[in-house]
Amino acid sequence: MSDLLTPSQTVGPFLSIGLTWSGGHLVVPEGSPGAIRISGIVRDGSGAPVPDGVIETWQADADGRFDHPDDPRGASGSGFAGFGRCPTDGEGRYQIVTVKPGALGDGQAPHIDVTVLARGLLDRLVTRIYFPDEAEANAADPLLSSLPPERAATLLAEPAGEGELRFDIRLQGEGETVFLQI
Amino acid sequence: MTLAQPAGYRPPPPGTHPPLDHPGYKSTGLRAPSQAPIVLPNRLTEVTGPLLTAGHDDLIGPSDHDLTTQHAGEPIGQRIVVFGRVLDSDGRPVPDTLVEVWQANASGRYPHKNDNWAGALDPNFTGGGRVLTNNKGEYSFTTIKPGAYPWGNHHNAWRPAHIHFSLFGRAFTQRLVTQMYFPDDPLFDQDPIFNSVPDPKARRRMISTFDLEATRPEWALAYRWDIVLRGREQTPFEEPHE
């Protein structure tokens, strides 16, 4: 084994030319049973919106299964793609329409993995979205429970109305989102 | 019931990926997180990942692999074939994975409202492409050689010619966005993005190789570029006994 990996580089400001597609933010079609919309703003260290970024999400289906051969229970075969991608707009806003993932059954609370790419990020950032209506599971989650409460709070989506959640991402400074090394 | 944990992916060796805070590249200043990342052991969500083949039949159009045929006329510039293999760091090919590219045209201009460089726009070149690797992990694009362009990061700053690449691999941990460069570019030494990679050997792995054998006579030059994604941790029963 060599570990001669290809290094990471920034997506630059013009990522929308090659890195987005229409409807990429729809993990499930709008109005699907159980659909939720997660939306938020990406901000930099001065609090200014980041208009040249993209958010990508990856998650289990509502039953906590992945349609992927490396799920030890076998690929679910559900056809649930689990992947969302949304460029930020001029005000730094993104949205993902999806369903809440089920628990995986391994002690972790339901969560969505998130990649943040933008001009000025030489490597991707990774974070997670957790759910506000899972207090008990969140309290037992190995990641959330390892963090000081004010930092753990940056990984919790906020209720924002029926079927709506808010998850802002702060790259740097006050309220900086917890980013993960995976 | 306890859920079995699949093997995770080996962390990148130090020096392979750029630090997020790299003052030479000004845009990192307000965007690099100030707190160290929290180490998260690879669990099921991280060792699986989007497989953008099933259910994404409309993702790749018929001319997405050939950026020179996406419009009515021929783009301006030197036609090139960019090809190679996507491997993991154990040398295993990564088949059926999405490779996305985007690049400037021969004048170094992107067709984007925020690109103010005075290089000419080319109505026959928009610079976006997509392809899936085959069962050997091979990919190939036909395109034109991008031009260098000035970008205002520092006095007389020019980006070396490059093509942006995006790869998924098979797992969330393998996601990679990078840039491919061309051999012998005189602009490497002054480019803070290229030089943000600490290990000079790793830096050179972003430079493609001119491949005379792969050129298409009287039609296109050819550059080979292999891309290596993270490989898996060995599972306990595979560990050597010495």
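Predicted model: local features only at pLDDT ≥ 70, side-chain atom pairs only at ≥ 80, totals over all residues.
Let me begin with the contact between the two chains, where 39 residue pairs of chain A and chain B are in polar contact, both residues being at pLDDT 80 or more, a polar contact being a pair of N or O atoms within 3.5 Å, where within protein one must be able to donate a hydrogen and the other to accept it, and residues adjacent in sequence count only if both atoms are side-chain atoms. By class, the side of chain A that touches chain B has 35 nonpolar, 20 polar and 17 charged residues, where Ala, Val, Leu, Ile, Met, Phe, Trp, Tyr, Cys and Pro count as nonpolar, Asp, Glu, Lys and Arg as charged, and the others, Gly among them, as polar.

Residues are numbered from 1 along each chain as its sequence is written, chains are lettered from A and ligands numbered from 1 in the order in which they are written, and side-chain values use heavy atoms, with hydrogens and water left out.

How many residues does each chain bring to the contact? Chain A gives 72 residues and chain B gives 85 residues, contact meaning heavy atoms within 4.5 Å. The area buried between them is about 6,600 Å², with carbon and sulfur atoms giving 60% of that; buried area is the accessible area (1.4 Å probe) that two parts lose on being put together, summed over both. Of the area that chain A buries against chain B, L5(A), Q9(A) and F14(A) supply 12%, more than any other three residues.

Turning to charges, the interface holds 7 salt bridges, each a side-chain nitrogen of Lys or Arg within 4 Å of a carboxyl oxygen of Asp or Glu. One of them joins R175(B) to E56(A), with the closest N and O atoms 2.6 Å apart.

Strands also cross between the chains: β10(A) and strand β1 of chain B, residues 38-39, run parallel and are joined by 2 bridges, with V39(B) the bridge partner of Q181(A). Strands here are DSSP runs (E, at least two residues), numbered from the N terminus, and two strands pair if DSSP finds at least two bridges between them.

Within chain A, strand β1 (residues 35-43) pairs with strand β4 (residues 93-99) in the antiparallel sense over 7 bridges, and I36(A) stands opposite T98(A). With strand β8 (residues 164-166), β1(A) pairs in the parallel sense over 3 bridges, and there R37(A) stands opposite E164(A).

Note on methods. Helix = DSSP H or I, 4+ residues; strand = E, 2+ residues; numbered from the N terminus.
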